[in-house]
Every structure is written in C-alpha cells, then in structure tokens.
Amino acid sequence: MPIPVNHTKPVRTTAKLHAFNQLQQWIIDGTLQPDEKLNDIELAQALGVSRTPIRESLQLLESQGFVTMQPGRATQVTPVEKEDINNLLPPLAVLQALAAELASPNMDEEVLSLLEDKNREFSEALQAKEFTTALRVDEEFHQLIVDTANNPYIHSMVEMLQAHVRRLFYYEKIVLREYSVEQHQNLIRAFREKNTKELAEVMRANWIYTIEEF
C-alpha cells in the first residue's frame with residue numbers, strides 16, 4: 001500500500017481530524033485506490049499518529065461511505081460507482097437551494113464581492129482548461145453561500161455529499177461548463193434583488209444540469 005510521505009502535516013488540529021482529512025483526501029484523489037485494503041499500522045506511521053485516531057477516522061469514513069470495515073478481516077476503500085451521480089446531485093441541489101434561501105437575508109456587499117471574485121476566478125480556470133482548479137473554486141463559491149446560511153446541519157451534510165461528488169469528478173473526469181459562470185452571475189443578481197424564489201430555482205438548476213452533461 002504505497003503512501004505519500006511528503007504531505008502537509010497541519011498544526012492546531014486533533015490527531016483524529018488530521019487523520020480523517022488526509023485519508024479522505026487520499027481516497028478522493030485516488031492516492032488510495034478503490035477496493036484497496038488499508039493497514040492501520042502503516043497509515044498511523046505515515047501520518048505520525050497512533051492507531052487510535054486512525055481507527056476512529058476509518059469508522060467515520062465508513063459511516064460516510066468511503067470505506068468498508070469487516071472486523072477481523074479487512075478495511076477497504078469503497079469502489080467508485082459512476083451511477084452515484086444520480087443519487088448525489090439531487091439531494092445536494094436541494095440543500096444548496098435551501099442554503100441560498102437562508103443566506104439571502106444575511107447576504108451583504110462584502111460576501112457578494114467575494115462571490116464575484118470567485119466567479120471570475122472560476123471563469124478564468126475554465127478558459128485555461130484548468131479543470132481541477134475550476135472545481136476547487138466552484139466549491140469555494142458555493143461554500144461562501146453555505147457559510148452565510150449559518151446552518152450547521154446543512155453545512156455538515158453538504159460537506160459530506162460534496163466530498164463524494166469531488167471523488168467522482170476526479171475519477172470520471174467530469175468537466176464543468178461555461179454555463180455555470182452564467183448561472184453564478186444569476187445567483188449573485190438574485191441575491192442583490194432578494195429574489196429567494198429565483199435563487200432556489202437557479203441553484204437547483206446549477207447542480208442538476210451536471211447530471212445531463214454527465
């Protein structure tokens with residue numbers, strides 16, 4: 001089980017959180033391959049932590065569908081199922097639409113300016129065909145809205161679903177389209193106009209159209 005040794009080791013975080021974040025990232029980007037068996041001793045050595053936070057992280061990853069654990073046998077990375085896009089995006093679209101509605105009363109000019117900056121950065125990444133960067137910036141754009149909604153339950157559910165979507169983007173090479181830039185602009189305009197109905201409609205469409213593209 002090859003494990004990178006040059007990864008960043010963040011400070012001011014618990015061993016469990018550090019292990020969870022790193023393992024999830026390795027699963028998402030393919031460092032840890034689908035169906036690969038995981039050895040908690042090797043993972044603990046690679047991350048510089050004890051086996052306890054590794055085991056706790058693997059249990060959390062199992063609850064989120066990233067690994068399967070068979071006591072006494074093996075812990076394995078779950079396979080990537082192309083069809084999961086049909087299960088992931090509809091609930092994510094609904095949650096993002098709700099987040100937009102909840103964020104609307106709290107949306108100020110400072111956040112709107114940040115959204116505009118992110119959308120410009122997103123557009124530039126698409127034009128340069130830097131699709132991994134585009135995906136990251138698109139997530140940052142939507143995260144600003146989720147953060148402004150200020151609902152911890154939406155935040156945690158979106159975070160988990162988004163991680164699975166990110167994994168599919170890596171494996172299936174899903175390419176974001178320029179049409180998303182226009183949708184983002186419509187969202188910003190609807191926020192300025194306090195048009196919650198349009199916000200929800202545009203936000204849902206922004207996520208669902210990816211299924212059609214896919």
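**View 1. The largest nonpolar core of the predicted model has 41 residues.** A nonpolar core is a set of buried Ala, Val, Leu, Ile, Met, Phe, Trp, Tyr and Cys residues joined through side-chain atoms within 4.5 Å. Buried means under 20% relative accessible area, exposed means over 50%, and partly exposed lies in between (1.4 Å probe, protein chains only). The residues with the most contacts inside this core are L115, I145 and F191. At least two core residues come from each of α4 (85-103), α5 (109-127), α6 (131-149), α7 (152-172), α8 (179-193) and α9 (196-213). Helix α4 gives the largest share, ten residues. Helices (H or I, at least four residues) and strands (E, at least two) are DSSP runs, numbered from the N terminus. In soluble globular proteins, nonpolar side chains tend to be buried together.

This is a predicted model, in which local features need pLDDT of at least 70 and side-chain atom pairs count only at pLDDT 80 or more, while totals for chains, interfaces and linings use all residues. Residues are numbered from 1 along each chain as its sequence is written, and side-chain values use heavy atoms, with hydrogens and water left out.

**View 2. I145 and its contacts.** Contact means heavy atoms within 4.5 Å. With neighbours within four places in sequence left aside, I145 is in contact with A99, A100, A103, L115, F191 and M203. Two of these partners, L115 and F191, are listed together with I145 as the residues with the most contacts inside the largest core.

**View 3. A second, separate core has 19 residues.** Among them are L32, I54, F66 and A163.

**View 4. Strand β3 pairs with β1 and with β2.** Two strands pair if DSSP finds at least two bridges between them. Strand β1 (residues 37-38) and strand β3 (residues 74-77) are antiparallel and share two bridges. Strand β2 (residues 67-70) is also antiparallel to β3, over four bridges. T75 in β3 is the bridge partner of L38, and M69 stands opposite T75 as well. Three residues lie between the strands in the hairpin of β2 and β3, where G72 takes a positive phi near 80°.

**View 5. D40 and R55 form one of the twelve salt bridges.** A salt bridge is a side-chain nitrogen of Lys or Arg within 4 Å of a carboxyl oxygen of Asp or Glu. The D40 and R55 side chains meet at 3.1 Å, N to O. D40 lies in helix α2 (residues 40-47) and R55 in helix α3 (residues 51-63), so the pair ties together parts that are 15 residues apart in sequence. D40 is buried, at 16% relative accessible area, whereas R55 is partly exposed, at 41%.

View 6. The side chains of E140 and K118 meet at 2.7 Å, N to O. E140 is partly exposed, with a relative accessible area of 26%, and K118 is partly exposed at 22%. Both residues belong to a network of salt bridges that links K118, E121, R136 and E140. A salt bridge between the side chains of E139 and R166 is 2.8 Å, N to O. E139 counts as buried at 15% relative accessibility, and R166 counts as buried at 18%.
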